[in-house]
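Hi,

Here is the structure I said I would pass on to you. Have a look at it first, and then read my notes below.

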Amino acid sequence: KPSIKLELFEKLESEVRSYCRSFPTVFSKAKNAKMWDLDGKEYIDFFAGAGSLNYGHNNERIKQKLVNYIMEDGITHSLDMATEAKGHLLNTFHEVILKPRKMDYKVMFPGPTGTNSVESALKLARKVTGRETVLSFTNAFHGMTLGSLAVTGNKFKRQGAGVPLHHTVSMPFCRYHGDEADTIAYIEKYLEDSGSGLSLPAAMILETVQGEGGVNVASFSWMKKLSELCKKYGILLIVDDVQVGCGRTGPFFSFEEAGIEPDIICLSKSIGGYGLPLALTLLKPELDIWEPGEHNGTFRGNNLGFIAAAEALSYWEEASFQKEIEKRGSLIEETMNGIQQKYPNVAMEVRGKGMMMGIAFEEGDLAGEICKACFDRGLIMETAGTDSEVAKVMPALTIEIDVLKEGLARLADAADQVLG
Ligand code: PMP
């Protein structure tokens with residue numbers, strides 16, 4: 001193995017400027033919720049690949065399936081061809097996820113990333129309705145390509161890109177930008193006015209908990225009202241479950257308990273099971289008006305992703321899995337509430353759902369400082385929010401309880417250093 005040192009990254013500047021420097025070390029190995037750097041230092045991972053490692057690093061069950069598949073010369077890449085691995089995933093997804101929830105959706109492979117899924121959803125909604133605009137929400141994050149960026153409410157990401165703003169309209173998100181009832185009234189007024197002359201939007205695109213945008217949680221009642229508005233005005237509801245799907249908030253789909261039925265659902269990140277690139281777009285059967293090849297991408301036929309995804313879904317055959325997520329979520333919340341109670345003079349809010357929780361600070365760069373102090377204690381954490389104001393905890397759903405508790409103790413200690 002060549003000797004790779006951190007200086008290599010710093011000196012060569014071989015990588016386009018990114019935020020990799022926020023963790024100043026070179027990582028080499030990982031298992032479930034732990035990572036090790038080249039010096040053998042151990043870290044607890046509360047970041048989980050930005051939500052793409054819900055089943056942990058190098059999940060043993062999934063690894064075995066992948067290794068066996070490769071050893072048997074299973075097909076790795078097949079574009080749109082029918083393969084055994086793809087059939088297995090489609091069947092498993094239907095049997096384990098859709099059927100028990102009485103959900104009737106067609107499955108599309110839009111390409112390898114979350115952005116690909118969002119793009120396919122936006123394109124389909126525009127094609128089905130013959131309308132142009134899409135409503136999105138303040139602080140939303142849906143991806144980095146021009147279409148998905150157009151529905152992303154983040155000035156920093158948008159600036160300079162020449163995003164076609166005229167195709168999207170940003171709406172206030174739940175209680176974060178006004179009172180819940182007021183934001184619904186605002187949206188309804190916009191739709192009423194649109195219906196009386198301007199053209200109505202094709203779709204609304206929603207994260208039920210805004211991940212990158214700062215762990216902002218939409219209430220069930222707000223989502224229900226939004227969904228009713230969509231029905232009333234013939235607007236398609238797209239739920240972007242790229243980050244909060246696959247159990248991040250507890251149930252497999254983040255919207256399950258809200259009792260809404262999206263027209264289109266975007267999945268990626270942890271659907272690939274092993275950190276492999278994979279995305280699915282689910283659509284109501286009557287929306288399937290794609291012509292063959294109308295939306296595609298070379299790596300939509302990633303069979304290793306299919307194998308990993310199908311095995312990961314087997315976690316959902318056991319009802320206890322969701323209970324374990326909820327148990328871990330409560331532990332995270334308890335620690336965060338403890339920090340809040342200990343420092344009543346620091347303005348902060350604890351928020352989130354399931355195993356995506358955050359502490360939002362009102363002033364300064366406290367979230368960033370806490371994440372740095374966490375790193376010094378061997379804990380990987382990231383900030384979220386348009387001003388990086390939220391310290392976000394998002395470990396693998398499979399994290400061992402003792403590892404979780406140890407990580408939370410490090411977080412509490414880091415908070416003491418910064419806030420005390
Ligand atoms: N939607 C949401 C909600 C996301 O969090 C992300 C990624 N952070 C995306 C879409 C884009 O996914 P990708 O980076 O895989 O293109």
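Which of the 15 residues around the ligand come nearest? They are T113, G114, T115, V242 and Q243. Before you go on, keep in mind that this is a predicted model. The shell around the ligand draws most on helix α5 (residues 114-129), which gives three residues. By type, the shell is made up of eight polar, four nonpolar and three charged residues.

Now for the chain as a whole. You'll find 13 helices and 17 strands in it. The C-alpha trace spans about 60 × 60 × 45 Å along its principal axes. The radius of gyration is 21 Å, and that agrees with a compact globule, because 420 residues packed that way would come out near 22 Å. Of those 420 residues, 47% count as buried. As for contacts between residues at least 6 apart in sequence, 73% of them join residues at least 24 apart.

The chain splits into two parts: domain 1 (6-59 + 320-419) and domain 2 (74-317). Their C-alpha centres are 26 Å apart. Where they meet, 28 residues of domain 1 are in contact with 26 residues of domain 2. On the domain 1 side, the elements that give two or more residues are α2 (48-51), α11 (320-342), β13 (348-353), β14 (356-361) and β17 (390-393).

Last, the inside. In soluble globular proteins, nonpolar side chains tend to be buried together. Here the largest nonpolar core has 117 residues, and A125, M204, L236, I238 and I370 have the most contacts inside it. Helix α10 (residues 303-313) provides the largest share of this core, seven residues. Where does the core lie relative to domain 1 and domain 2? It lies between them, because both domains give residues to it.

Leaving out residues up to four places away in sequence, A125 touches V134, A202, A203, L236, I238 and I264.

Happy browsing!

Methods. Residues numbered from 1 in each chain as written. Predicted model: local features only at pLDDT ≥ 70, side-chain atom pairs only at ≥ 80, totals over all residues. Near = placed C-beta within 6 Å. Helix = DSSP H or I, 4+ residues; strand = E, 2+ residues; numbered from the N terminus. Nonpolar A, V, L, I, M, F, W, Y, C, P; charged D, E, K, R; others polar. Domains from an automatic or database assignment. Contact = placed C-beta atoms within 7 Å. Rg over C-alpha atoms; globule rule 2.2 N^0.38 Å. Buried ≥ 20, exposed ≤ 12 C-beta atoms within 10 Å, placed from the backbone. Core = buried A, V, L, I, M, F, W, Y, C linked by C-beta atoms within 7 Å.
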